[in-house]
Amino acid sequence: MAQKIEDTSTTRGVRQDYPEDRFDRVPRSGRVGAHRITPRPRYVWQYLIAGLLGFALLTTVGIAIVTGIGNAGKFAGDTPSSSSSSTKAPEAILDPAATVAVLNGTPTPNLAAAVDQIITEQQWGTILFSGSAAASDVQISAVFYSDPADASAAAGLAAKLGGISTYPADTYQEYGARLIVLLGADYAGPGLGETQSPAAEETQVDPATGYQIDAETGRLIDPGTGWLIDPDSGWPVNPETGEPVDPATLPAP
């Protein structure tokens, strides 16, 4: 029969003592429960500053890239050539042999005659015609030329007339002159002070014959006799008789 062994059973719920080991010597701390990281608060202004800094950085990088590309294209293919350079103004060379027509485009009386007289006296050109222009409200004075070879002569005459402008044009060929001086409201060159002189009369010349036109009758004046020319016969009219006279019968001047 089995023997009962005393004190060998363990009563449930009673604490038992065990030898002390390394787990019984854990250092104490102030932590309690689970160890979680407390999130830090974030503010709106932090995100705003970060966004502005990012935008500024991207903008700077973009400008640098675009500038670099532009400079590369410029250096590669935009080198100016001699053919694309601006056209130089023609050299001002006065040509006394250049034929000139002077047109008064202003209401100022005797202006064309005064400029005509100065050009002739100073030998700045050879006058073929001087008189009124088709309009009297011209604002800008200029010297026109139709042949590019006359650009320098036009610049030379324009410089003498107070530095007015020069332009190529084919609209004044009926005057038969190489240079056309059109006087406008801005004209302040030589001859302007003499326009009120009684001796300075507006002189008109027929571009076809070169004969002076009488201001009162509009008829041509015979250069040999100073008489008016009969438009029907083409002969000069004797002012004493009022009859045309054959030039062959007139004495040589």
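Which elements do the buried residues of α2 pack against? Keep that in mind while you set up the view.

**Before you start**

This is a predicted model, in which local features need pLDDT of at least 70, side-chain atom pairs count only at pLDDT 80 or more, and totals for chains, interfaces and linings use all residues. Residues are numbered from 1 along each chain as its sequence is written, and side-chain values use heavy atoms, with hydrogens and water left out.

**Stop 1: the whole chain**

Colour by secondary structure. The protein chain has three helices and seven strands. Helices (H or I, at least four residues) and strands (E, at least two) are DSSP runs, numbered from the N terminus. Read from that end, the elements run α-β-α-β-β-α-β-β-β-β.

Now colour by accessibility. Of the 253 residues in the protein chain, 26% are buried. Buried means under 20% relative accessible area, exposed means over 50%, and partly exposed lies in between (1.4 Å probe, protein chains only). Contact means heavy atoms within 4.5 Å. Among contacts between residues at least 6 apart in sequence, 64% join residues at least 24 apart.

**Stop 2: the sheet**

Select β1 to β5. These five strands form an open sheet in the order β2-β1-β5-β3-β4, with mixed pairing. Two strands pair if DSSP finds at least two bridges between them. Strands β2 and β4 are the edges, each pairing on one side only. From one strand to the next, the twist averages 20°. For such angles, axes are lines fitted to C-alpha atoms (for helices over the stretch in contact), and values run from 0 to 180 degrees between N-to-C directions.

Zoom in on β3 and β5. They pair in the antiparallel sense over four bridges. Pick V143: its bridge partner in β5 is V181.

**Stop 3: helix α2**

Select residues 111-122, which make up α2. The helix has 12 residues and reaches 17 Å from its first C-alpha to its last. That is close to the 16 Å expected at 1.5 Å a residue; the expected span is 1.5 Å times one less than the number of residues.

Show the buried side of the story. The buried residues of α2 are L111, A112, A113, A114, V115, D116, I118 and I119. Here is the answer to the opening question: the buried residues of α2 pack against β1, β2 (126-132), α3 and β5.

Stay on A114. At 3% relative accessibility, A114 is buried. Draw a distance from A114 to G191: the two are 77 residues apart in sequence, yet 5.0 Å apart in space, C-alpha to C-alpha.

Step off the end of the helix. Just after α2, Q123 takes a positive phi of about 55°.

**Stop 4: T106**

Go to the loop between β1 and α2, where T106 lies. T106 has 9% relative accessibility and counts as buried. Its side chain meets that of N104 in a polar contact of 2.8 Å. A polar contact is a pair of N or O atoms within 3.5 Å; within protein, one must be able to donate a hydrogen and the other to accept it, and residues adjacent in sequence count only if both atoms are side-chain atoms. The T106 side chain also reaches the backbone nitrogen of T108 at 3.2 Å. Leaving aside neighbours within four places in sequence, T106 is in contact with L111, S136, L183, G184 and A185.

**Stop 5: T99**

Select T99 in strand β1. T99 is buried, at 18% relative accessible area. The side chain of T99 reaches the backbone nitrogen of R178 at 2.9 Å. Beyond neighbours within four places in sequence, the contacts of T99 are T126, L128, G176, A177, R178 and L179.

**Stop 6: the salt bridges**

How many salt bridges does a search of the whole structure find? It finds two. A salt bridge is a side-chain nitrogen of Lys or Arg within 4 Å of a carboxyl oxygen of Asp or Glu.

Show the side chains of D95 and R178. They meet in a salt bridge at 3.0 Å, N to O. This pair links distant parts of the chain, 83 residues apart: D95 is in the loop between α1 (44-77) and β1 (99-104), and R178 is in the loop between β4 (165-168) and β5 (179-183). D95 is partly exposed, at 23% relative accessible area. R178 is also partly exposed, at 29%.

R178 forms a salt bridge with D150, the closest N and O atoms being 2.8 Å apart. D150 sits in the loop between β3 (142-145) and α3 (151-160), 28 residues from R178. At 7% relative accessibility, D150 is buried. Keep all three selected: salt bridges that share partners join D95, D150 and R178 into one network.
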